[in-house]
Amino acid sequence: MLAFIIQRLLQSILVMLTVGFIAFSLFNFVGDPVSLMLPPEATQADRDEVRKSLGLDQPFYVQFGTFLGNAVQGNFGISLRLGRPVSQLLVERLPATLELAMTAAVFGLLIGIPMGVYTALKRDKWTSKVLLTGSLVGVSLPNFLIGIFLILIFAVWLGWLPSFGRGETTAIGFWTTGFLTTEGLKAIILPAITLGFYPITLIMRLVRAEMLEVLRTDYIKFARARGLTNNAVHFGHALKNTLVPVITITGLQLGAIIAFAIITETVFQWPGMGLLFIQAVQFADIPVMAAYLCLIGFIFVVVNLVVDLLYFAVDPRLRVERSGSGGH
Amino acid sequence: MPDGRFIDICYHAPVTMKFSTLATALLFAIVTSIGVGAPAHAKTLRYATQDEPQTLDPHSANLAVANRLLSNIYEGLVFRDKDYKIVPWLATSWTQPDAKTWRFKLRPNVKFHDGSAFTADDVVFSIERALHPLSQLKVAVQGVERGRKVDDLTVDLIMREPNPVLLNHLVFFRIVSKTWAEKNKAAIPQNYKDKEETFSSRNSNGTGPFMLLERQPDVRTVIVENKTWWNRNSPERGNVSRIELLPIQSRPTRLAALISGEVQFVNDPPTQDVPRLKANKDIKIVEGQEARVQYLVFDTSRDELLYSDVKGKNPWRDLRVRQAVAHAIDVEAIKLKSMRGLSVPTGTIITKFDQGFSSDADKRLKYDLVRARELLKEAGYPNGFGVTLDCGNNAPAADICPAVAVMLNQIGIRVTANVMTIPNFFPKLQRADTSFYLLSWTSPTSDALYTLQSLVYTHGGDGVANASGDNNYGRYSNKDLDRLIDQFKVEPDMKKRDALIRDALLLLNRELPIVPLHRQIIPWAMSAKPGTDVTAIFPPNGTPYFFRFKIQ
């Protein structure tokens, strides 16, 4: 078990190195930040001076080496755009993104699972057909469009919810949360639905397919034969057995939600890491881009690791095989 | 200032929640909610904009976004009144004892936001700070060598070279408190080498009508009225006591916030939405002409263009080809289609708001395709040629660029529009790695000199006009033009100076190294609902001076 975790962590370092290396080799194409940092009347000598002091005159592999050396010591450099340490920026932005992603994931589960169960149990009802067709829209509509529709309906027409920002936040240590104020809670609804739209539809379809599968199995028939109530059969036996793949998919989706919050954050001016990244791209702010990409790589790796460990926890066969092969 | 708007889109600042700031904000909220200390007329203006400055430092960035906010916090020796005339501000009067000296009498009893007194020391210090190599505001004190304190309320500006329009420049010269800056290690505008944040980038201490209350970059910046402002009894003063600057990058979201009443003022609504906003009775649009000109530039220096299918020669070096381009551009169509009516076609690179403008020079070559084709034929290109037009991906350039390409295709010049991201576009221009480009320009000094010496003076030329040709990426060079600019730069007599500028502008019209297209009209969108009905005045530099805003 321990060996497995260590092996996966070593793999994750390799993944992050690869992400960082590819990112750095592409940074040559995003443009020159120095031209945006200095006044237009700056001389070529001024520009060269700043470029040199930032290490931008070095070839990319040297820049990458320096970045790695500093990153190992927890120093991701200073943002060219904001003149502040990158690690500090990311720590400030992280709570906003994580709160949004978690809320979106919770929406995905709370709305997706019941809808999946419903459409599986009442597969011939017209409401199920509407939901299924609707879910196709959810899968195919781009995020930003959903966001704009929601803003139009709930902010402009109805005036119920704010169209942008995070509302009032409260600081608890380094963490700022929007969950403790009404304003903050209202502000998270639209972005979380926007970001959660895809997971909702995905989970719904997954649960439906799994439920249909499970409902055909012998033990369900047996349970019915025992005279158990419908509720006990559907929720006590069938749903429980569909949840294993759902947990896995939700876990994997969480990584994707965090990484792809960029668009939702831009539409709703949500002050998270995604918005920071977009602005870094526009400014060619290399330290921020590098740190962000590595962080996202890290989050993906960790989520995958947790999911793998969950497999161990829920599927006894895996444990048996491992210990068996180890023992003999 | 080369197109602040270009750079605008790149400038943002981080989210941060300082505990002390938060505490102050909460306290303020409580105090105002129970009505203690809040004057009866207290009015809050919530203001959404695409970008906010990434720094509040008064001298580190010369960008429209920074100017919009900082002009409300910091002040200069002189200012512009409602009619855009220069008026005394922190200086009450000035004289020129000799050719190399300007002597300013300072206004007594002016206080910085932290309560300290404003004196000549602060002026001398701010000049030094603005002239620092890492300052972007050197142009605000162009020609000045240093400041010299005479007494507490008298200061001399010692000139390195004469600057007849020094006052125009000084409008943008922001004065910061010396003791405050030194105490907080912010004596220089910014410092990349020490890898730490400069204090002045998130704090401020000016003398202006508003003071900083809260700064959460990318979330909100709050400024509140300075109750000890020296000019509180000005007849121009409105009634806004608190301004919340809310950056909203996404255009539809920004307008949604305005329409839903979450914000009352948007200074950059997308042009295509302006007609729809005008139809909404709760919204009003204030349109103003901005002192910014959109123009095309040819590479007139190379013997062979970098991005063209003509080999062995440079078609742009033939005046007839440049004239053909000018004839082929239907600037009215650009106004109608690309700009949705929000432009004023022009034939000259400076605007009527700038010193030296002359209507004689504001003449375009007629839109005439037949003449354009004839000219091309005479120049030896009966079948035209291919060339690449470079432009930034910002509005409105990204819309104008393809329109120009289509128009020139009609006379056989096969233009490929190359629309690039800003961080790639500017460095490409700075390397002069272009054959043909579209750019816009505004002179923060409202004077022809800065524009002409930057855009058309010989690049790197060693004439009197220093910092010459810095933005002359077509590398146009004309000895006669250089001589005219050298002359008017030091001409103290305004009449003679204006005549020289006129000659220079007419020469540009004859030679056409650049083809001006139009000045932009900038719409401001604001609430017209009773109770939050905003009254605003648009100055040609596009800066909202909030102390003149009214909410009814």
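**Exercise 1. Determine the handedness with which H8(A) passes H10(A), and characterise their contact.**

Step 1. H8(A) passes H10(A) in a right-handed crossing; a crossing is right-handed if the near helix is turned clockwise from the far one by less than a right angle, and left-handed if anticlockwise. Helices (DSSP runs of H or I, at least four residues) and strands (E, at least two) are numbered from the N terminus. The model is predicted: local features need pLDDT of at least 70, side-chain atom pairs count only at pLDDT 80 or more, and totals for chains, interfaces and linings use all residues. Residues are numbered from 1 along each chain as its sequence is written, while chains are lettered from A and ligands numbered from 1 in the order in which they are written.

Step 2. The axes of H8(A) and helix H10 (residues 230-259) of chain A lie 9 Å apart, at an angle of about 155 degrees. Axes are lines fitted to C-alpha atoms, for helices over the stretch in contact, and angles run from 0 to 180 degrees between N-to-C directions. H8(A) is therefore roughly antiparallel to H10(A); the classes are roughly parallel under 35 degrees, roughly antiparallel over 145, roughly perpendicular from 65 to 115, and oblique for the rest.

Step 3. Residues are in contact if their C-beta atoms, placed from the backbone, lie within 7 Å. On H8(A) the contact includes Leu195(A), Pro199(A), Leu202(A) and Glu210(A), and on H10(A) it includes Ala238(A), Asn241(A), Pro245(A) and Ile257(A). By class, the contact of H8(A) with H10(A) has 14 nonpolar, 4 polar and 1 charged residues. Here Ala, Val, Leu, Ile, Met, Phe, Trp, Tyr, Cys and Pro count as nonpolar, Asp, Glu, Lys and Arg as charged, and the others, Gly among them, as polar.

**Exercise 2. Describe how helix H6 (residues 126-140) of chain A packs against helix H8 (residues 182-215) of chain A.**

Step 1. The axes of H6(A) and H8(A) come within 8 Å and cross at roughly 135 degrees. H6(A) is therefore oblique to H8(A).

Step 2. The crossing in which H6(A) passes H8(A) is left-handed.

Step 3. From H6(A), Ser135(A), Gly138(A) and Val139(A) meet residues of H8(A), among them Phe197(A), Tyr198(A), Met204(A) and Arg205(A). The residues of this contact divide into 5 nonpolar, 3 polar and 1 charged.

**Exercise 3. Describe the packing of helix H1 (residues 2-26) of chain A on helix H4 (residues 60-72) of chain A.**

Step 1. The two axes are 9 Å apart, and the helices pack at an angle of about 135 degrees. H1(A) is therefore oblique to H4(A).

Step 2. H1(A) and H4(A) make a right-handed crossing.

Step 3. Gly20(A), Phe21(A), Phe24(A) and Ser25(A) of H1(A) meet Phe60(A), Gln63(A) and Phe64(A) of H4(A). This contact of H1(A) with H4(A) has 4 nonpolar, 3 polar and no charged residues.

**Exercise 4. Trace the pairing of strand S8 (residues 210-216) of chain B and strand S9 (residues 220-225) of chain B.**

Step 1. S8(B) and S9(B) pair in the antiparallel sense over 6 bridges, with Phe210(B) opposite Glu225(B) in S9(B).

Step 2. The hairpin of S8(B) and S9(B) has 3 residues between the strands, and in this hairpin Asp218(B) takes a positive phi near 75 degrees.

Step 3. S9(B) also pairs with strand S10 (residues 242-247) of chain B in the antiparallel sense, over 4 bridges. Thr221(B) stands opposite Leu245(B) in S10(B).

Definitions and conventions:
Two residues are in contact if their C-beta atoms, placed from the backbone, lie within 7 Å. Two strands pair if DSSP finds at least two bridges between them.
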